[in-house]
Amino acid sequence: LTKTVSLQLEELKSVFNIAQAEQAAVIAKLKQDLQDERQQRSEVEAKFGVKLGEQVSKLTDEMESVKKQNSELMDRVEQLHAQGKEQERELEKHRAARNDLEEHVVDMLEDLVSKLRTEIVAERNDREAMEETLLKLIEETCSRVEGGLVSSS
């Protein structure tokens, strides 16, 4: 019985040692797989990091380019706005000058019309006075001619 138990104990030790060896082999395999996985992940992360870094650099360059373009566009818009304001001021000056000129021309025309009317009235009065004088002279002449004809007859 002791021999059987000893044999069984030896057999159990042997099975235990085999199981332990198999377990150690599985653990070693798992450690190797884990190490390989870490290595692969590290390589992938390094490649991804490089690609990501390149993309970040590219996007940063593009963003700087867009910022520069936006800045240039804003400068141009501000320049055009300032030019528009200046043109509005110039246009307003021209409008004011034109209005002043129109008012001056209207005043001059009104003055001219008034002077012409005054001159026409004066000419008419002169003409009427001359006509009256001529009629008186004609009447006097006719009276003298009649008086001379009457006295000669």
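Modeller: The model is a predicted one. A residue counts as buried under 20% relative accessible area and as exposed over 50%, with partly exposed in between.

Biologist: Why is E92 called partly exposed?

Modeller: E92 has a relative accessibility of 45%.

Biologist: What makes K93 exposed?

Modeller: The relative accessible area of K93 is 53%. The class of exposed residues begins over 50%, and therefore K93 is in it.

Biologist: Why does E90 count as partly exposed?

Modeller: E90 stands at 30% relative accessibility, and the class runs between 20% and 50%. R95, at 39%, is partly exposed too, and D33 gets that label at 35%.

Biologist: How many of the residues of the chain count as buried?

Modeller: Of the 153 residues, 0% do.

Biologist: What makes E90 and K93 a salt bridge?

Modeller: The rule asks for a side-chain nitrogen of Lys or Arg within 4 Å of a carboxyl oxygen of Asp or Glu. In E90 and K93 the closest N and O atoms are 3.6 Å apart, so the pair meets that rule. Both residues lie in helix α1, three residues apart, about one turn of the helix.

Biologist: Why do E92 and R95 qualify as a salt bridge?

Modeller: Their closest N and O atoms are 3.8 Å apart, and the limit is 4 Å. E92 and R95 are also three residues apart in helix α1, about one turn.

Biologist: How many positive and negative side chains does the chain have?

Modeller: There are 23 positive and 34 negative side chains, and the centres of the two sets lie 13 Å apart.

Biologist: How many helices and strands are in the chain, and why is the chain called more spread out than a compact globule?

Modeller: The chain has one helix and zero strands. Its radius of gyration is 63 Å, whereas the globule rule gives 15 Å for 153 residues; the value is well over the rule, so the chain is more spread out than a compact globule. The C-alpha trace spans about 210 × 25 × 20 Å along its principal axes.

Note on methods. Residues are numbered from 1 along each chain as its sequence is written. This is a predicted model: local features need pLDDT of at least 70, side-chain atom pairs count only at pLDDT 80 or more; totals for chains, interfaces and linings use all residues. Side-chain values use heavy atoms; hydrogens and water are left out. Helices (H or I, at least four residues) and strands (E, at least two) are DSSP runs, numbered from the N terminus. The radius of gyration is taken over C-alpha atoms; the globule rule is 2.2 Å times the number of residues to the power 0.38. Buried means under 20% relative accessible area, exposed over 50%, partly exposed in between (1.4 Å probe, protein chains only). Lys and Arg count as positive and Asp and Glu as negative; His and the chain ends are not counted. The place of a charge is taken as NZ of Lys, CZ of Arg, CG of Asp or CD of Glu.
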